[in-house]
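Me: I'm new to this one, so please take me slowly through chain B. I'd like a close look at how that part is put together, and then a word on where it meets its partner.

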Amino acid sequence: MDIFGYIISLSFLAQVLRLFTPYYLGASAANFSERGGVINIAIEGFMITSAFCYALFAVLTGNVLLSLFLAVTINILFSLLYSAFTIKLKINQIVTGVGFNLLMAGLAKFIMMLIFRSSSNTPRIESLPHIPFIADMPGIGKVLADYIIIFTFLLVPISQYLIYKTKFGLRLRSAGENPAAAESLGVNVRNYKLYGVMLSGFLSALAGIWLASNQNSFSDGMIAGRGYIAIAAMIIGKWKPWNIFWACIMFAAFEAFEISLQISGINFPSQLLQMLPYLITVLVLIGFIGKTKPPAADGIPY
Amino acid sequence: MKNYKFIADHFRVSLLVICAVLFAVQNFFACGNKETKDNNQGDKKLKVGLVFDVGGRGDKSFNDAAFKGLEKAQKELGIQFEVIDPGDGADRESALRKLASKPDIGIIFGVGFIFTEDITRIAEEFPDKKFGCVDYTITPQNFSEKTIPANLTALVFKEDEGSFLVGAIAGLTTKTNKVGFIGGMESGIIKKFENGYKNGVMYVNPECKVLSAYVSVTGEGFKNPGKGKEIATSQYSNGADIIYHASGLSGIGMFEAAREFKKFGIGVDMDQWNEAEGYVLTSMTKIVDEVIYQTIKDFKENKFTGGIRSLGLKEKGVDYIYDDNNKSLITPTVREKTEQIRDKIIKGEIKTTQ
């Protein structure tokens, strides 16, 4: 196989975009929360919940759009619970996040065992509809016709605009940088933190739903750390939408490249390849792209 | 401040209520389970313990096959059983120990090569109990025939022989002269599948290329269907028209890709026709259910023997699926040639591992 020929092909590009989507949605979710000063390492857990709820309701109702709506709603409710713990009760955000991750993984398994008598996966479900006609294009059509992927791409300029050019963004950032100063100017800091966490719940819901829809089922462990990689991408991207975009593209491209290199049969240890994205994260973190600076009041309960 | 304390107290109360409800629900279902088991309890029944592998019950392959064996034994031998599904964590050893220390359990199974070391140790600790380990891995450094305790039967499948046969079917059926392989965790036992498959493909079709890839280097590779699907997509896009997987749940992703590309996948461990009807060329099966049933039966009839039990084509421990579902996908000539290869392997004329 000519690996270099394949890398410039449309199917390779499509693969990168597919891998990119959950990363960017997750990273963007984490970013909105942290911009408001609430660390959200529960992205993984939120993705599990939404993926599971989507699959569960799709099996029970058979209607994917209704399941999409229900899964998003439930995830936003969970993000409200997360804000109740972190904003209202001021519990340590890392501890809460870890707790949520463990709870969601266990709860999904528990409910699955009750309903489907299987601790590992749900029955097969239908995937979300695609835009007709475009989906028939060879190679990349399915990707271009996917509503959530399109939304993810629109999300980059939208979040850039929202964070830097609107009143909402300014106040959200002020809540994350200097909440005392913001409050002295009449901003309801807690409300803005809450909005950030809710946006986080909404976006991570889309990531989970997309994954479940793409593999046509929910299975235990299917999120496979994508939530954590998303957070790493956010840090590498220095909490800026366009930088996060490139970080996610980098992660996705490396993963796709690793798959291609493996099947090309070139004798290269695949352990090294699977390590590469993480290695790059570490290299980046120790200062190859300059200092990464989180919002000043990130993680401090207010 | 007082206000918050009030809220915090309320949270505590509501958490307690939630916990109580969850326990109640769990107990309710647990009771349901017990009742069905008690139906069989006439006189003192033999009790069997079993601990599942990564993936757990409902993985539609390995673990489900083991469970089927237990159910068959329950129906035909009238035994009782108790299973533990440890999920992720490294608490396999404590699960085994828990079952072994229950006085009414006579024989305990560990499903999966992951149990190899733990079950050897625990079998030595409980010499009066019997143990069975499916997919026991014998590595020259740690374990040899001698170190297996007498109360442990190591069930070793010759996956390479079964994989050789499905490889031959793939090599004879492919139109593009490219076939794929997806492994779950990069490890000795999965390499056995890969090598057998590759050798089978090469034996019938030396021109054919095998594109192979592994999901991960850890056990997580058996439960990442998202990545399984991406690997399969790459392989199909690169011209492969048949892919064989040995990757547990990750294989579900491969079958989804097979549906999308309208190409073939080959299942593993169990007949996986139902994963993507019409796109499953065949499945390499290990009769995990039958072996567990047989071991329980031997135990019940006091014929239990320790040591290694090797299960290949000859012992009908591994096979491939050829039934009404996939008859139309495998041509008569392919079938005939594959059966000739089977005879040669059984006679030892073909080496499946090289």
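Reply: Chain B has 10 helices and 12 strands. Those come from DSSP runs, numbered from the N terminus: a helix is H or I over at least four residues, and a strand is E over at least two. Keep in mind that this is a predicted model, where local features need pLDDT of at least 70, side-chain atom pairs count only at pLDDT 80 or more, and totals for chains, interfaces and linings use all residues. As for labels, residues are numbered from 1 along each chain as its sequence is written, while chains are lettered from A and ligands numbered from 1 in the order in which they are written.

Of the 354 residues in chain B, 51% are buried. Buried here means that 20 or more other C-beta atoms lie within 10 Å of a residue's own; 12 or fewer makes it exposed, anything in between is partly exposed, and the C-beta atoms are placed from the backbone. Now look at contacts, meaning pairs whose C-beta atoms, placed from the backbone, lie within 7 Å. Among those in chain B between residues at least 6 apart in sequence, 70% link residues at least 24 apart.

Next, the domains. Chain B splits into domain 1 (44-157 + 288-311) and domain 2 (159-285 + 322-347), with bounds that come from an automatic or database domain assignment. Their centres, taken over C-alpha atoms, are 28 Å apart. Where the two meet, 14 residues of domain 1 of chain B are in contact with 13 residues of domain 2 of chain B. On the domain 1 side, helix α2 (residues 62-77) of chain B gives the largest share, 3 residues. That side of domain 1 has 7 nonpolar, 3 polar and 4 charged residues. The classes go like this: Ala, Val, Leu, Ile, Met, Phe, Trp, Tyr, Cys and Pro are nonpolar, Asp, Glu, Lys and Arg are charged, and the others, Gly among them, are polar.

On to the sheets. One is an open sheet of 6 strands in chain B, in the order β2-β1-β3-β4-β5-β11, with parallel pairing. Two strands count as paired if DSSP finds at least two bridges between them. At the edges you'll find β2 (80-84) and β11 (307-311) of chain B, each with a single partner strand, so one side of each has no neighbour in the sheet. From one strand to the next, the twist averages 20°. For angles like that, axes are lines fitted to C-alpha atoms, for helices over the stretch in contact, and the values run from 0 to 180 degrees between N-to-C directions.

Let's walk across that sheet. Strand β1 (residues 47-51) of chain B pairs in parallel with β3(B) over 5 bridges, and Val51(B) sits opposite Gly110(B) in β3(B). β3(B) itself is mostly covered, with 6 of its 7 residues buried. Another 5 bridges tie β3(B) to β4(B), again in parallel, with Ile108(B) facing Phe131(B) in β4(B). Then β4 (residues 130-134) of chain B is joined to β5 (residues 152-157) of chain B by 4 bridges, and these two run parallel. There, Cys133(B) stands opposite Ala154(B) in β5(B). Helix α4 (residues 116-125) of chain B lies across β3 (105-111), β4 and β5 of chain B, at about 170° to β4(B).

Chain B also has an open sheet in the order β7-β6-β8-β9-β10-β12, made of 6 strands with mixed pairing. Its edges are β7 (209-216) and β12 (318-320) of chain B; each has a single partner strand, so one side of each is left without a neighbour in the sheet. Neighbouring strands here are turned by 15° against each other on average, direction ignored. One pair to look at is β6 (residues 178-185) of chain B with β7(B), which run parallel over 7 bridges, placing Phe181(B) opposite Ser212(B) in β7(B).

Finally, the partner. The contact between the chains takes 35 residues from chain B and 34 residues from chain A. In chain A, α2 (10-35), α5 (93-116), α10 (189-215), α12 (241-264) and α13 (270-288) each supply at least two residues of the side touching chain B. That side of chain A has 11 nonpolar, 18 polar and 5 charged residues. Chain A as a whole has 13 helices and 0 strands.
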